[in-house]
Amino acid sequence: MASFQRAAVFSLVLMSLLWGSSQAKDLLVGGKTDAWKIPSSESDSLNKWAGKARFLIGDSLVWKYDGQKDSVLQVTKEAYAACNTTNPIEEYKDGNTKVKLDKSGPFYFISGAEGHCEKGQKIVVVVLSQKHKQVGYVGSPAPSPVEFVGPAVARTSSASNLRGGLLVALGVLVLGLF
């Protein structure tokens with residue numbers, strides 16, 4: 001009886017871990033509050049940060065910046081490549097911008113401050129499709145650089161790998177009880 005109780009508690013803990021790892025997240029762009037600026041070097045590029053992160057449908061990007069001096073523009077692929085600020089999809093100027101990633105595919109953002117985009121203040125994030133959220137999925141293929149302007153894919157946590165491993169462990173545990 002004691003082993004059944006331990007197994008039940010273990011199963012509940014595993015299920016809560018699995019449930020918690022699939023929650024949408026607010027992701028601070030660049031991983032810090034002062035990241036929305038002209039990068040000082042290629043290694044300081046926001047696309048370098050985005051290339052190490054995994055973005056899922058339902059996640060939100062959060063920018064912190066001086067709304068009196070800068071803005072965030074969501075733009076098309078073409079406007080991103082040309083640093084064209086004249087006709088954005090959306091314009092954010094509040095200094096504390098939160099954008100929900102509501103579909104899979106690339107999202108393009110540039111600075112609205114004159115000359116900043118040309119100096120590298122821009123970011124592309126690629127949101128993974130629902131099929132990439134499946135339990136047991138072991139990785140995500142990077143998009144072709146030709147298809148998307150700039151790098152971006154993978155979230156640093158390997159929640160999918162963890163979730164798959166935990167489900168296997170749970171299955172073995174349940175089968176062992178019967």
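A word of caution to start: the model is predicted. The fold, then. We have four helices and eight strands. Along the sequence, they run α-β-α-β-β-β-α-β-β-β-β-α. The chain has 178 residues, and 39% of them count as buried.

How far apart in sequence are the contacting partners? Take contacts between residues at least 6 apart: 74% of them join residues at least 24 apart.

The largest nonpolar core holds 20 residues. Phe55, Leu61, Trp63, Phe109, Ile123 and Val125 have the most contacts inside it. Four elements each supply at least two residues to this core: helix 2 (46-51), strand 3 (60-64), strand 7 (105-111) and strand 8 (122-128). Strand 8 gives the most, three residues. There is also a second, separate core, with ten residues. Leu73, Ala79, Tyr108 and Ile110 are among them.

Now to one residue, serine 111. It sits in strand 7. Is serine 111 buried or exposed? Its relative accessible area is 0%, and the cut-off for buried is under 20%, so serine 111 is buried. Which side chain does serine 111 meet in a polar contact? That of aspartate 70, at 2.6 Å.

What else surrounds serine 111? Set aside neighbours within four places in sequence. Serine 111 then touches Trp36, Asp70, Ser71, Leu73, Thr85, His116, Cys117 and Gln121. Leu73 also belongs to that second core.

Terms used:
Residues numbered from 1 in each chain as written. Predicted model: local features only at pLDDT ≥ 70, side-chain atom pairs only at ≥ 80, totals over all residues. Heavy atoms only, no water. Buried < 20%, exposed > 50% of the residue type's maximum accessible area, 1.4 Å probe, protein only. Contact = heavy atoms within 4.5 Å. Core = buried A, V, L, I, M, F, W, Y, C linked by side-chain atoms within 4.5 Å. Polar contact = N/O pair within 3.5 Å; in protein donor to acceptor, adjacent residues only side chain to side chain.
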